Every structure is written in C-alpha cells, then in structure tokens.
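Colleague: I would like to learn how to read the inside of a protein model. Please start with the core.

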Amino acid sequence: RKEALALKQREEGKRKTFEARMVRKAKREGKSDLEYYLRQGAEVPTVETIETLKPLIKEEQLNVWKKEHSQHCMSFHLDSGGCKRDRTCAFLHCSAKGSNTFDESEEVAG
C-alpha cells in the first residue's frame, strides 16, 4: 500500500513537471492554446490497442504509438518485462483502458 502511494506521488510529480514544461513551450512559441502540447499523445491506450500492436515489429509499433499515445511509455505496455527504466522513465506508466487492475490477493474494505 505504501509502495502504491509512493508510486502515485512520483507519477504526479513527474506529470506536473512535464505540464509546466509544455505550457512554457507553448507560451514561448506564441500558441493561443497553452495546452496544445498537453493534448498531443495524451490518450491512454486500450487493452485492444495493446493487443493489436504486440505482434507488429518495433518500427510499426512506434509509428502507431506516436500518433495517439506518445506521452505514455510504450515499453511499459508492450515489452514483456515492462519498462526497464522504471522510476527514471520520463513517460507515463498507467494501466491500459479496460484492464482489470484488481488483484485477487488484495483485501477489500467493507
């Protein structure tokens, strides 16, 4: 439980730093929409998308990934061992849409 909380806090900290950097970039470039860069690649991949991409070669995976999910870590979702960078990875690590994140060994309150 403590590990999950620490992970969440770490991810939120990385996200805030990223958002501030992207807003500064949009201001610097004179964009009227300061969230322009925050919208690019922000869509969380679905389980179906991940299953579709797994059999493809790396180059094809990357081309598809960059279109809609570029803020998310491709290795986290597609590599068999997950992301090797773990805490030092600059990309988002979150569960795919439609995945069951419930662990049978976890206790449920109530």
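Modeller: In soluble globular proteins, nonpolar side chains tend to be buried together. Here the largest nonpolar core has six residues: I50, L53, W65, M74, L78 and A96. Such a core is a set of buried Ala, Val, Leu, Ile, Met, Phe, Trp, Tyr and Cys residues joined through side-chain atoms within 4.5 Å. Buried means under 20% relative accessible area (1.4 Å probe, protein chains only). Two or more residues of this core come from each of α3 (47-53) and α5 (74-78). A second, separate core of five residues includes F18, M22, Y37 and L38.

Colleague: What should I know about the source of these values?

Modeller: This is a predicted model, in which local features need pLDDT of at least 70 and side-chain atom pairs count only at pLDDT 80 or more, while totals for chains, interfaces and linings use all residues. Residues are numbered from 1 along each chain as its sequence is written, and side-chain values use heavy atoms, with hydrogens and water left out.

Colleague: Which residues of α1 are buried?

Modeller: An α-helix has 3.6 residues a turn, so residues three or four places apart point the same way. In α1 the buried residues are E11, R15, F18, M22 and A26. Their cover includes α2 (36-39). Helices here are DSSP runs (H or I, at least four residues), numbered from the N terminus.

Colleague: What follows α1?

Modeller: G30 follows α1, with a positive phi near 75°.

Colleague: How many helices and strands are there?

Modeller: The protein has five helices and zero strands; a strand would be a DSSP run of E, at least two residues.

Terms used:
Buried < 20%, exposed > 50% of the residue type's maximum accessible area, 1.4 Å probe, protein only. Contact = heavy atoms within 4.5 Å.
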